[in-house]
Amino acid sequence: MGMKGRLTLSAVVGVVVIGVVSANANTHGGGDGSGSGPGSGSGSSAKGSSASAEHSTATKKDPDPTEAAAEKKATFDGDGDFRVGTDIKPGTYRTSGNADGRCYWERAKDASGDTDSLLANDHVSGASYVTVKAGDKIFKSSGCKDWEAVDAKAQGSPATKMAGDGGMFKVGTDIAPGTYRSTGNTDDLCYWERAKDAEHGPDSILANDNVTGTAVVTINTKDAYFKTTGCKDWTKTA
């Protein structure tokens with residue numbers, strides 16, 4: 001957090017918020033016809049080729065630039081400032097494979113760079129999901145792996161174990177609901193969070209804790225995401 005000098009709104013180590021607020025070339029062969037020698041009917045072949053070209057030109061549909069743009073916006077780079085609605089579409093995005101909290105992202109209501117413009121931000125180890133809303137103006141990403149749009153209808157094979165520093169897991173897709181246990185945590189470095197969405201605002205948090213020793217948490221079927229950083233690995237016990 002200190003590396004950016006910015007305020008992190010999503011998870012503050014040592015502060016516990018508990019409440020109900022809230023993917024694991026041209027085939028006509030013109031060259032062959034012209035090499036067949038005089039009297040071989042090359043003129044007829046050329047004429048036919050010309051007619052074919054005319055037909056092809058008349059029926060060919062130019063690429064739709066909006067479709068191409070939409071395709072590109074489904075994935076975007078892990079470094080840069082992106083204008084919401086112009087560079088990227090509103091929606092939920094995921095980045096994974098990030099190490100040591102070097103990935104930093106930020107949702108902002110304008111491009112001033114002021115602290116007051118911050119809507120939400122976080123430093124990421126492992127994976128993160130972020131929902132970029134239509135009212136956001138800028139999405140900033142630094143040191144992250146590429147972001148990919150998340151299909152809301154996508155289904156997975158939910159795991160019953162997860163890395164303690166794995167970041168965010170989508171409940172029902174990445175991990176199965178249930179009670180999980182993490183042991184051997186030291187110095188309050190283990191932080192977990194149950195969330196109702198990926199907006200990362202204060203109201204997104206259903207419950208969270210900083211843990212020393214053994215941590216036990218029940219992830220409900222109605223929870224949307226579970227976040228874990230600095231913890232030992234989690235195993236489902238019930």
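This is a predicted model: local features need pLDDT of at least 70, side-chain atom pairs count only at pLDDT 80 or more; totals for chains, interfaces and linings use all residues.
User: OK, so how do the residues lining the largest cavity divide into nonpolar, polar and charged?

Analyst: The lining has three nonpolar, five polar and two charged residues. Val 124, Ala 127 and Met 168 fall in the nonpolar group, while Asp 122 and Lys 227 are the charged ones.

User: What makes something a cavity and not a pocket?

Analyst: A 1.4 Å probe fits in a cavity but cannot get out, whereas a pocket is open. The largest cavity here holds about 40 Å³ of space.

User: Which strand gives the largest share of that lining?

Analyst: Strand 4 does, with six residues. Strand 8 and strand 11 each supply at least two residues as well.

User: Why is Thr 228 called buried?

Analyst: Buried means under 20% relative accessible area. Thr 228 has 0%, so it counts as buried. This residue lies in strand 11, and its neighbours beyond four places in sequence include Tyr 191, Trp 192 and Trp 234.

User: How do you know that Thr 228 makes a polar contact with Gly 164?

Analyst: The cut-off is 3.5 Å between N or O atoms. The side chain of Thr 228 reaches the backbone oxygen of Gly 164 at 2.6 Å, so the pair is within the limit.

User: And what does the side chain of Asp 197 make a polar contact with?

Analyst: The side chain of Ser 204, at 2.5 Å. There's also the backbone nitrogen of Glu 199, 3.1 Å from a polar atom of the Asp 197 side chain. Both distances are within 3.5 Å, so both pass the cut-off. Asp 197 itself is found in the loop between strand 9 and strand 10.

User: What makes a group of residues a nonpolar core?

Analyst: The members are buried residues such as Met, Ile or Trp, joined through side-chain atoms within 4.5 Å. The largest one has 16 residues, and among those touching the most other members are Met 162, Ile 175 and Trp 234. Strand 10 gives the largest share of this core, five residues. Apart from it lies another core of 14 residues, including Val 84 and Trp 105.

Terms used:
Residues are numbered from 1 along each chain as its sequence is written. Side-chain values use heavy atoms; hydrogens and water are left out. On a 1 Å grid over the protein atoms alone, a cavity is a set of points where a 1.4 Å probe fits but cannot get out, and a pocket is an open set with protein on both sides within 12 Å along at least five of seven lines; lining residues have an atom within 4 Å of a point. Grid points are joined across faces, edges and corners, and a volume is the space filled by probe spheres set on the points. Helices (H or I, at least four residues) and strands (E, at least two) are DSSP runs, numbered from the N terminus. Buried means under 20% relative accessible area, exposed over 50%, partly exposed in between (1.4 Å probe, protein chains only). A polar contact is a pair of N or O atoms within 3.5 Å; within protein, one must be able to donate a hydrogen and the other to accept it, and residues adjacent in sequence count only if both atoms are side-chain atoms. Contact means heavy atoms within 4.5 Å.
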